Amino acid sequence: MSHTVEWKVHLYLYEDEGTTKARVVLDTKDTSFTGRGVARCAPEDRDVPEIGDELAAGRAMHDLGEQLLIAAERDIEGEVAARRPRIRPAPGWAL
């Protein structure tokens, strides 16, 4: 069975006074997920915006990845539950 889809990902970075925030949005057409990440420059470190971008973006993508894994686990549990035969309890007293 062949299956091809295209998911769109948008990454937004915001930097203000040594703090970088990232938001990554995944659109699967059926649903969307949003991951978030933050990076802060230590007061004694030199402010290098590229490092903040990389850290915040990486953390946002990590958050997004965790959300996808949780969604997949829920879907797997739903598939397994749907395949289990339903056992009707026998009439009488429970043991």
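Val-25 has Thr-34, a residue of strand S3, as its bridge partner. This pair belongs to a predicted model, in which strand S2 (residues 19-27) and S3 pair in the antiparallel sense over 9 bridges.

- The open sheet is formed by 3 strands, which follow the order S1-S2-S3 and pair in an antiparallel manner.
- Strand S1 (8-16) and S3 stand at the edges with a single partner strand each, and therefore one side of each is left without a neighbour in the sheet.
- Going from one strand to the next, the twist averages 15°.

**The largest pocket**

- The largest pocket has a volume of about 190 Å³, and the residues that line this pocket are His-3, Val-5, Glu-6, Trp-7, Thr-28, Lys-29, Asp-30, Thr-31, Phe-33 and Leu-68.
- Sorted by class, the lining of the largest pocket consists of 4 nonpolar, 3 polar and 3 charged residues.

**The second largest pocket**

- The second largest pocket holds about 170 Å³ of space, and among the 15 residues that line this pocket, Arg-40, Cys-41, Val-48, Ile-51 and Gly-52 lie nearest its centre.
- Strand S3 (32-40) and helix H1 (49-83) are the elements that give two or more residues to the lining of the second largest pocket, and H1 gives the most, with 4 residues.
- Sorted by class, the lining of the second largest pocket has 7 nonpolar, 3 polar and 5 charged residues.

Methods:
Residues are numbered from 1 along each chain as its sequence is written. This is a predicted model: local features need pLDDT of at least 70, side-chain atom pairs count only at pLDDT 80 or more; totals for chains, interfaces and linings use all residues. Side-chain values use heavy atoms; hydrogens and water are left out. On a 1 Å grid over the protein atoms alone, a cavity is a set of points where a 1.4 Å probe fits but cannot get out, and a pocket is an open set with protein on both sides within 12 Å along at least five of seven lines; lining residues have an atom within 4 Å of a point. Grid points are joined across faces, edges and corners, and a volume is the space filled by probe spheres set on the points. Ala, Val, Leu, Ile, Met, Phe, Trp, Tyr, Cys and Pro count as nonpolar, Asp, Glu, Lys and Arg as charged, and the others, Gly among them, as polar. Two strands pair if DSSP finds at least two bridges between them. Axes are lines fitted to C-alpha atoms, for helices over the stretch in contact, and angles run from 0 to 180 degrees between N-to-C directions.
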